[in-house]
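Student: I would like to go through this structure by strands, helices and contacts. Please give the criteria as we go.

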Amino acid sequence: MMYRIENLHLSLPDMTRKPLLGAAPRIEILKSLTFDVPKGAVLGIVGGSGSGKSTLGRVMLRLLEPTAGSIVFDGTDITHTDEVQLRPMRRRFQMIFQDPMSSLNPRRRVDGIIGGPLRLHGLDGLRSRVDEALDMVGLPRGFAHRYPHELSGGQRQRVGIARAIALRPDFILADEIVSGLDVSSQAQVLNLLEDLVRELGLTLAFISHDLSVIRRLCSRIIVLHQGLIVEDAETAELFTSPKAAYTRELLQAIPLPDPDQPWD
Amino acid sequence: MRPFLSIRNLSVALKNGGLILRNVSLDVAVGKVHGLVGESGAGKSMIGKSVLGTLPRALQITGGEIWLDGVDLLSIPPAQRRKRIGATAALIPQDPLTALNPTRRIGPQITRRLVDILGWTKADAQARALELLEEVQIADPARVMRNYPHELSGGMRQRILIASAFAAKPKLIIADEPTTALDVTVQKQILRLIADMQARHGSALLFVTHDLGVVSKVCDALSVLYAGKVVEDAQMRRFFCRPVHPYSRALLAATPTYTNPTGSLMPVPQSVIDAVEREVVQHDRRWRA
């Protein structure tokens with residue numbers, strides 16, 4: 001089991017309602033989530049804005065510390081592990097971000113961006129590792145000397161993917177990585193991710209607000225609504241017979257490119 | 001019927017000569033919704049900006065005509081043009097957070113245009129604003145008028161921009177990706193609201209979007225753009241049943257749909273892109289000659 005998550009709670013102080021003196025009231029973001037991510041699985045995490053899906057991702061990567069519950073990553077409990085002990089493990093779980101323009105340093109070239117985490121983890125043979133990562137995401141090696149602003153949106157997102165896989169992680173979290181892309185590059189990035197998962201034997205969690213992009217990729221989907229899991233189902237089952245009312249609402253709200261789709 | 005907005009052979013270029021729009025023509029009749037579809041950089045937003053006279057400084061209109069309610073906007077003096085546009089057209093922008101002033105309450109942001117530009121009295125404008133907020137289904141409009149933008153959700157903010165676009169009863173509405181920042185359930189409500197408001201006010205609506213799914217729900221007709229050139233112009237139903245241009249077909253195939261059991265996605269093939277690029281080059285050659 002790659003991840004075993006039990007009874008996970010997270011609350012954060014609500015600074016907008018903090019009194020002048022004294023502690024801010026806490027708002028519950030995640031309310032008792034329990035689920036597993038088996039090795040090699042591709043898990044979809046779906047929900048509307050404010051449902052807590054990105055926060056859940058951040059807790060899984062221990063960018064946030066849970067208030068209660070437990071996170072077990074590949075047999076190791078990382079719920080409250082401190083940053084120093086966590087650092088060597090971080091190589092094993094990586095993230096790809098939504099907006100490649102703000103998650104790639106505009107002042108560094110592509111090789112610096114991909115090589116940065118490699119150097120941080122003290123790996124050798126940077127040059128060849130960077131080249132290999134570029135090969136895997138289908139970018140020419142010559143791109144190593146370009147700056148992010150010289151790339152198209154789809155190419156930038158490939159650099160984000162290359163940075164994550166260069167470390168050879170076991171698990172990758174992809175947070176809304178295609179929502180800023182045009183449909184044509186969306187398809188390319190999703191197909192690439194699917195190939196990489198297969199070739200590298202990755203475990204992947206794919207966060208999205210759009211159910212239509214994840215049908216192909218994901219084997220299982222959990223639907224979040226207001227910090228709760230309202231549905232946890234096999235992909236095919238979720239699409240053919242959604243159980244939760246909220247899932248049905250989400251599905252029906254997707255505008256299909258079909259003038260005859262019922263829309264009321 | 002004479003179209004309310006008629007764009008004829010509009011060309012827009014960078015001041016250094018690079019073409020942004022290539023001979024774009026389209027018509028929108030009163031009470032109709034026309035979609036502008038294309039990938040990022042295709043120039044779809046620039047058409048709306050040309051009509052509203054809000055093109056970025058680096059761009060200029062190099063040719064063509066923009067007929068709005070029987071007058072060619074490009075042939076009249078700028079002061080008159082601004083007055084006409086202000087009285088007949090309005091914009092629903094993409095991002096409600098940047099379109100609203102974070103330091104002012106909602107109320108004055110809706111009424112200011114009515115008072116300062118159209119010369120309404122403050123009381124009239126106030127009453128109209130309340131009426132509009134009710135029309136866009138905002139509960140407790142009097143309270144919302146006193147709120148600041150950050151106190152409202154994304155969907156609420158978009159409703160307010162819709163209300164404020166319809167405030168001066170414009171005959172032409174330009175909606176520039178109005179739902180891209182929203183999640184699907186809120187998007188559905190907002191699309192329905194825009195369609196209702198448009199039908200009730202009988203305005204002509206130019207709807208800019210990259211999402212063909214959205215087009216099939218709100219538009220009567222559409223133009224598909226590539227590199228500032230209209231590659232296909234069609235009635236909505238015809239487009240989705242029988243898209244003619246290979247690029248349109250590829251775009252449709254690349255649109256993800258959850259009803260497809262394999263869920264496979266077809267990127268736009270390089271051959272299609274090469275072909276449409278060649279068309280653009282040919283167009284430029286003919287145009288320069």
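Student: In which sense do strand β3 and strand β8 of chain A pair, and over how many bridges?

Tutor: This is a predicted model, in which local features need pLDDT of at least 70, side-chain atom pairs count only at pLDDT 80 or more, and totals for chains, interfaces and linings use all residues. Residues are numbered from 1 along each chain as its sequence is written, chains are lettered from A and ligands numbered from 1 in the order in which they are written, and side-chain values use heavy atoms, with hydrogens and water left out. Helices (H or I, at least four residues) and strands (E, at least two) are DSSP runs numbered from the N terminus, and two strands pair if DSSP finds at least two bridges between them. For β3 (residues 42-47) and β8 (residues 203-208) of chain A, the sense is parallel, over five bridges.

Student: Which residue of β8(A) is the bridge partner of V42(A), and which strands stand at the edges of that sheet?

Tutor: V42(A) has L204(A) as its bridge partner in β8(A). The open sheet has six strands in the order β6-β7-β8-β3-β9-β10 (chain A), with mixed pairing. One side of each edge strand is left without a neighbour in the sheet because each has a single partner strand; these strands are β6 and β10 (228-234) of chain A.

Student: At what angle to β8(A) does helix α7 of chain A run?

Tutor: Helix α7 (residues 183-200) lies across β3, β6 and β8 of chain A, where contact means heavy atoms within 4.5 Å. Axes are lines fitted to C-alpha atoms, for helices over the stretch in contact, and angles run from 0 to 180 degrees between N-to-C directions. The angle to β8(A) is about 155°.

Student: What is the strand order of the open sheet in chain B, and how many bridges join β1 to β4 there?

Tutor: Four strands form this sheet, in the order β2-β1-β4-β5 (chain B), with antiparallel pairing. β2 (19-28) and β5 (71-72) of chain B are the edge strands, each with a single partner strand, so one side of each lacks a neighbour in the sheet. Within it, L5(B) has L68(B) of β4(B) as its bridge partner. Strands β1 (residues 5-14) and β4 (residues 59-68) of chain B are joined by eight bridges.

Student: How much area is buried between chain B and chain A?

Tutor: The contact takes 35 residues from chain B and 32 residues from chain A. Buried area is the accessible area (1.4 Å probe) that two parts lose on being put together, summed over both. Carbon and sulfur atoms give 64% of the total, which is about 3100 Å².

Student: Which element gives the largest share of the side of chain B that touches chain A?

Tutor: The elements that give two or more residues to that side are α8 (184-201), α9 (212-218), α10 (236-241) and α11 (246-254) of chain B. The largest share is six residues, from α8(B).
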